[in-house]
Amino acid sequence: MLQTAKKTIQIEIKRQDPEINNGESYNQIYDVEVEDWFTVLDALIKIREEIDGTLSLRCACRASICGSCAMRVNGQAKLVCKTKLSVVEKNNKILVEPVGNMPVISDLVADFKPFWDKFNAVEPYLKPEGEVPEGEYLAPNDDMVHLVGVMNCIMCGACVSDCTVLEVKDNFLGPAALAKSYRFIADPRDGSQFERLQNLEKDGGIWDCTRCMQCVEVCPKDVDPMERIMSLRSKSIENKIDKNYGARHAKSFTDLIKNNGILNEVLLILRTKGLFNIIELAKLLPIAISAQLAGKRPPFFSHSSKNKNQIKKIFKKLEDK
Ligand code: SF4
Ligand code: SF4
């Protein structure tokens, strides 16, 4: 019979119950005897079944398919059914918390309403145009193979939990909803690409992402939400949906590097905000004064790079592609 090693792990769990402690969260530590093949979920289920039946957690398939068991382990979102305890424990201890950026219902169970509201806001269904075909809507194989990467999303919410923008900006659509939006915008059978992109241009849309890569890091299905958001930005600019600050910043940045081989940060701000946009420019005055006082103000007139012609050639190659 196969022998497995056992040891005791301290599992600290962030708990919260609206009926206990005035709804305030508190941490509780459990000493749990585990086997070396245990996942974090195995240990949590053992606590609930053998030590403390009041612990709330959500799980279903236990095979990283259903997306129910996303939680924060040692500060980072993970599917706990896919996370081996031996990989995450440090000195025989781990900390488990509910996912972030969503309200807690009880202990490790979060309320996914904000997640689904944003998901629904991007109209996550095909909106084909033209005549309805007699049979199926057919799409080129290569396009669908490309989309499989996004369709792998199991809607676990791990990316939303750890998105750094959602921590400070509630109305950001977030990585999961934007990746889902990409799934339809990039689908050749969908006829609403332009309208969909126009909606994503607004406050809370694609230009609010700071490219921190947290969503890429924590996604258990390699959906790569950030890359989808960057593709949506490119598609937006290609479609001339580019009058917002985000698109203007991206275009000015590219143009300045392309023409001078070096970034002129003063010109970048002026072109992004608009030379005569006095109100917006005035808002930046405190930053400009702080930078001046700290000796960090970028020069008004920057020189061109001596290698600018080589940089132009790189741009040409990319554009020819
Ligand atoms: S890359 Fe963008 S969407 Fe992803 S976690 Fe960071 S801010 Fe959020
Ligand atoms: S994109 Fe990844 S992390 Fe985000 S909900 Fe989908 S599967 Fe989960």
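The model is predicted: local features need pLDDT of at least 70, side-chain atom pairs count only at pLDDT 80 or more, and totals for chains, interfaces and linings use all residues. Residues are numbered from 1 along each chain as its sequence is written, while chains are lettered from A and ligands numbered from 1 in the order in which they are written.

**Overall layout**

- The protein has 14 helices and seven strands, where helices (H or I, at least four residues) and strands (E, at least two) are DSSP runs numbered from the N terminus.
- Its division is into domain 1 (6-110), domain 2 (113-238) and domain 3 (247-320), with bounds that come from an automatic or database domain assignment.
- Between the C-alpha centres of domain 1 and domain 3 the distance is 47 Å.
- Along the principal axes, the C-alpha atoms fill a box of roughly 70 × 70 × 40 Å.
- Of the 321 residues in the protein, 29% are buried; buried means that 20 or more other C-beta atoms lie within 10 Å of the residue's own, exposed means 12 or fewer, and partly exposed is in between, with C-beta atoms placed from the backbone.
- Among contacts between residues at least 6 apart in sequence, 64% join residues at least 24 apart; a contact requires C-beta atoms, placed from the backbone, within 7 Å of each other.

**Shell around ligand 2**

- Ligand 2 has 15 residues around it, of which Cys153, Cys156, Cys159, Cys219 and Val223 come nearest.
- At least two residues of this shell come from each of helix 5 (158-162) and helix 6.
- Helix 6 gives the most, with three residues.
- The classes here are 13 nonpolar, one polar and one charged.

**Largest nonpolar core**

- This core has 59 residues, and Val40, Val80 and Val96 touch the most other members; a nonpolar core is a set of buried Ala, Val, Leu, Ile, Met, Phe, Trp, Tyr and Cys residues joined through C-beta atoms within 7 Å.
- Helix 6 (residues 174-185) contributes the most to the core, with seven residues.
- The core lies between domain 1 (6-110) and domain 2 (113-238), because both give residues to it.
- Not counting residues up to four places away in sequence, valine 96 touches Ile11, Ile13, Val40, Leu44, Met71, Val73 and Leu108.
- In soluble globular proteins, nonpolar side chains tend to be buried together.

**Strand pairing**

- Strand 1 (residues 6-15) and strand 5 (residues 93-97) run parallel and are joined by four bridges; two strands pair if DSSP finds at least two bridges between them.
- Isoleucine 13 has valine 96, in strand 5, as its bridge partner.
- Strand 3 (residues 70-73) pairs with strand 5 in the antiparallel sense, over two bridges.
- Opposite arginine 72 stands glutamate 97 in strand 5.

**Individual residues**

- Arginine 233 lies in helix 9 and counts as buried because it has 21 C-beta neighbours inside 10 Å.
- Arginine 233 touches Ile206 and Ala250, not counting residues up to four places away in sequence.
- Aspartate 224 sits in the loop between helix 8 and helix 9, and its phi is near 60°, a positive value in a residue other than glycine.
- With 20 C-beta neighbours inside 10 Å, aspartate 224 is classed as buried.
- Lysine 240 is in the loop between helix 9 and helix 10 (245-260), and its phi, near 65°, is likewise positive in a residue other than glycine.
- Lysine 240 counts as exposed, because 10 other C-beta atoms lie within 10 Å.

Key. Two residues are in contact if their C-beta atoms, placed from the backbone, lie within 7 Å. A residue is near a molecule or strand if its C-beta atom, placed from the backbone, lies within 6 Å of it. Ala, Val, Leu, Ile, Met, Phe, Trp, Tyr, Cys and Pro count as nonpolar, Asp, Glu, Lys and Arg as charged, and the others, Gly among them, as polar.
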